Amino acid sequence: MSLERVPGGTGAAIPGFTREGRSGEVPFFSQAATFERLWPVIEANLTAVFDNGKFSHGRQVAELERALAEYTGAAHVIGVNSGTDALVLLLRASGIRPGDGVLVPAYSFVATATSVVLAGGRPQFVDIDPVSYALHPDALASAVTAGSRFVMPVHLFCRMADMTAISAVADRHQLTLVEDSAEGIGMWQKGAHAGLHGVGGVLSFFPSKTLGAIGDAGAVLTNDPTVAELVSGLRHHGRFAPTLDNFPGISTETGMCGTNSKMDDIQAAVLLAKLTELDRDIARRAELAKAYQERLRGVPGIVRLPETVDRRSDAADVFYVYLVEVDRRDELVEHLARQGVGTEVYYPTPLHLQPCFAELGYRRGDFPNAEAASQRAVALPLYPDLDVTELDRVCEAIREFYLGRAK
Ligand SMILES: *Cc1c(COP(=O)(O)O)cnc(C)c1O
C-alpha cells in the first residue's frame, strides 16, 4: 500500500459544531448547549492546567487516565493524541511484525485499515454482518490465511461486534485479538467494556464522538501490563514518561523508536468535565434513538432502521450514531440539506475500494454487505442536546421526501 497520496480521495466535510444559522435548521452535530452547561467545570479544570503550567502529559492527563480506567474497568488506560495513533501504538505494542496479516472489516472508518499499514501490517478485508455492521464471524473464519496474525473487529454506531463468536475464531487460528473500539465508550458485552475482550482496544475523543474533546485525543485500553508499558513508552519517543508512576523502570533512555503521540492537558481537562455527564448523555441518546425509531418505522424508502438496543442482559449498547439505510440515499441527503437538516454518510467508500489500498487487489463485488451499506447508509442528527421538536423536523422532512407533501 502506498503511503503517498493517490488520486481519488475527496476530503469529507467536517460537521458544523455551532448552532448558529437560519432558525429551524437542525445541524448534524452540536455541542454548544453542552459546553454552556458544563462551562463552570471546564473553566475550573482549564484553570488548573494553566496554574500547573504543564500542557502535555501532565496532571489532567493522568487524572483522566485514572477516571477512564474506573469507568471502563480497564487495568490500564494510556492517553494519546488521537484514536488513530492509539490503534497504531496498540498494534505495535501487541507485537505486529512487518507484513503480518490483520483481518479487519471492509466497512469502517478508514483509520481502521490505515493504522494497520502504518504499524507495518497488511489489512485483510472481511465482509460485515448486515445488522450489526461488524465483522461477520463466518466470513472471518473463511478469510483467515497462513499470513493472518491479528484480527481487529470494529464496534460501529450503536453496538459491539459479536465478541463470543469472533474470540472463538481468533482462538482457533491463534490470532491476536485487538479491537478498534474508537466508537465504543460505554458499550459492554459479557461483563467487559469494549476494547477489553482481547489484548486491548482504543477510544477516540474526536469532537463528534460520544465523549468528545475540543480537538483530537484518544486512548489505549488494556489489561495487559506489558502492552500498557510499551504504549506509554511509544507515545513518548520510546521513553517512559516521568509522570507515570505506575510502571517500574522509568528511564530517559530511548529503548525503542517511538513517536510523539502524547495527549495534551487542555483536552484532558475538557474530557474530565464531560465525563461527569457521560452516563446522562448516553441515556439521552437512547431516548432520542427510540423517538426516531417510533417515527420512522414503516416509512417507505427506509430499508433498515438500527436494531433497537441489544436486549441481551449481557450487553450494553450506546447510540453513538443513529444510522439508517434508505433508498435513493444521495437524493435524500440533498433534500434534507435543502431543508436545513444535517446528515453524514458513514462510510461512502468501503475500505477495500479506497484508492490507498488499490494494490491489495480487491474489487467491487468482493464484499456485498459492506458495499450495500456504503450505498444506503446515512446518519441522522443525534446528540444529547438535540430536542424532540428538532428530531420531529428531521423525521417530517424524511417522510416528505418519500411520501410527498402530506398536507
Ligand atoms: C473515529 C474513529 C477512529 C479514529 O479516531 P481519531 O481520534 O479520529 O483518530 C478509528 N476508528 C473508528 C471506527 C472511528 O470511528
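The model is predicted. Strand β9 (residues 218-222) pairs in the antiparallel sense with β8 and runs antiparallel to β1.

**Ligand site**

- Gly83 places a backbone N or O atom 2.7 Å from an oxygen atom of the ligand.
- In Thr84 the side chain takes part: one of its N or O atoms is 2.5 Å from an oxygen atom of the ligand.
- A nitrogen atom of the ligand lies 2.8 Å from a polar side-chain atom of Asp180.

- Strand β9 is mostly covered, with 5 of its 5 residues buried.
- Gly218, Val220 and Thr222 point one way from β9, Ala219 and Leu221 point the other way, and all are buried.
- Strand β1 (residues 76-80) is joined to β9 by 5 bridges, and the two run antiparallel.
- Two facing pairs can be located in the model: Val80 stands opposite Gly218 in β9, and Gly79 stands opposite Ala219 in β9.
- Strand β8 (residues 200-204) also pairs with β9 in the antiparallel sense, over 5 bridges.
- Here Val202 stands opposite Val220 in β9.

**Strand β1**

- Because 5 of the 5 residues of β1 are buried, this strand is largely enclosed by the rest of the structure.
- Both faces of β1 are covered.
- His76, Ile78 and Val80 lie on one side of β1, Val77 and Gly79 lie on the other, and all are buried.

**Helix α11**

- Helix α11 (residues 368-376) has four named buried positions: Ala370, Glu371, Ala373 and Ser374.
- Seen down the axis of α11, these buried residues fall within an arc of 160°, so they line one face of the helix.
- The cover over the buried residues of α11 includes β12 (322-326), α10 (329-338) and β13 (377-380).

**Met256**

- Met256 sits in the loop between α7 (225-234) and α8 (265-275).
- Met256 has a relative accessible area of 24%, so it counts as partly exposed, since buried means under 20% and exposed over 50%.
- Leaving out residues up to four places away in sequence, Met256 touches Leu230, Gly233, Leu234, His237 and Gly238.
- One of these contacts, Gly233, is 23 residues from Met256 in sequence and 8.2 Å from it in space, C-alpha to C-alpha.

**Ser30**

- Ser30 is found in the segment before α1 (32-52).
- With a relative accessible area of 3%, Ser30 is buried.
- The side chain of Ser30 reaches the backbone nitrogen of Ala32 at 3.2 Å.

Methods:
Residues are numbered from 1 along each chain as its sequence is written. This is a predicted model: local features need pLDDT of at least 70, side-chain atom pairs count only at pLDDT 80 or more; totals for chains, interfaces and linings use all residues. Side-chain values use heavy atoms; hydrogens and water are left out. Buried means under 20% relative accessible area, exposed over 50%, partly exposed in between (1.4 Å probe, protein chains only). The arc is that of the directions from the helix axis to the C-beta atoms. Contact means heavy atoms within 4.5 Å. Two strands pair if DSSP finds at least two bridges between them. A polar contact is a pair of N or O atoms within 3.5 Å; within protein, one must be able to donate a hydrogen and the other to accept it, and residues adjacent in sequence count only if both atoms are side-chain atoms.
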